[in-house]
Amino acid sequence: MEAAVFVFSLLDCCALIFLSVYFIITLSDLECDYINARSCCSKLNKWVIPELVGHTIVTVLMLISLHWFIFLLNLPVATWNIYRNTQSRAAEVTHERSHDQAWFPPALFLHVSL
């Protein structure tokens, strides 16, 4: 059971890292004006919920399997993802999306480091 938990966690973390790199590449394309803000938002918004689900599954799985230290490391990031996604969807307007880029790199580095 324990090996299966960590193998699933490893695969999920690999997928989340790949998704984070995709976010960085898409945001850098937006910064260089290769794509407009509307297409950037449409590309990134469809991956927000899978990111939330993937990180929450790993966090809950670590809680269920009684790996307290790993659970406590993942809890702040999972809580932030849940908080960010339960807020009003009015923040997804394309001109406001560029303001979210200011917090994205620090949150990304915290997410990748865990």
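Y83 is partly exposed, with a relative accessibility of 46%. In this predicted model, the ring of Y83 pairs with that of W80, and a search of the whole structure finds 2 aromatic pairs. Here is a short tour of both pairs and of the chain that holds them.

**The pair W80 and Y83**
- The ring centres of W80 and Y83 lie 5.6 Å apart, and their planes meet at 40°, so this pair counts as tilted.
- W80 and Y83 are 3 residues apart in helix α4, which places about one helical turn between them.
- W80 is partly exposed, at 38% relative accessibility.

**The pair W68 and F71**
- W68 and F71 form an edge-to-face pair, with 6.5 Å from centre to centre and 85° between the planes.
- Helix α4 covers residues 68–86, and within this helix W68 and F71 are 3 residues apart, or about one helical turn.
- F71 is buried, because its relative accessible area of 12% falls under the 20% cut-off.
- W68, in contrast, is partly exposed, with 47% relative accessibility.

**The chain as a whole**
- The chain has 6 helices and 0 strands, giving the pattern α-α-α-α-α-α along the sequence.
- Of the 114 residues in the chain, 29% are buried.
- Among contacts with a separation of 6 or more, 65% join residues 24 or more positions apart.
- The accessible surface of the chain is about 7,300 Å², and carbon and sulfur atoms account for 72% of this surface.

Methods:
Residues are numbered from 1 along each chain as its sequence is written. This is a predicted model: local features need pLDDT of at least 70, side-chain atom pairs count only at pLDDT 80 or more; totals for chains, interfaces and linings use all residues. Side-chain values use heavy atoms; hydrogens and water are left out. Rings of Phe, Tyr and Trp (its six-membered ring) pair if their centres lie within 6.5 Å; planes under 30 degrees apart count as stacked, over 60 as edge-to-face and the rest as tilted. Helices (H or I, at least four residues) and strands (E, at least two) are DSSP runs, numbered from the N terminus. Buried means under 20% relative accessible area, exposed over 50%, partly exposed in between (1.4 Å probe, protein chains only). Contact means heavy atoms within 4.5 Å. Accessible areas come from the Shrake-Rupley method with a 1.4 Å probe; for residues, only the protein chains shown count as cover.
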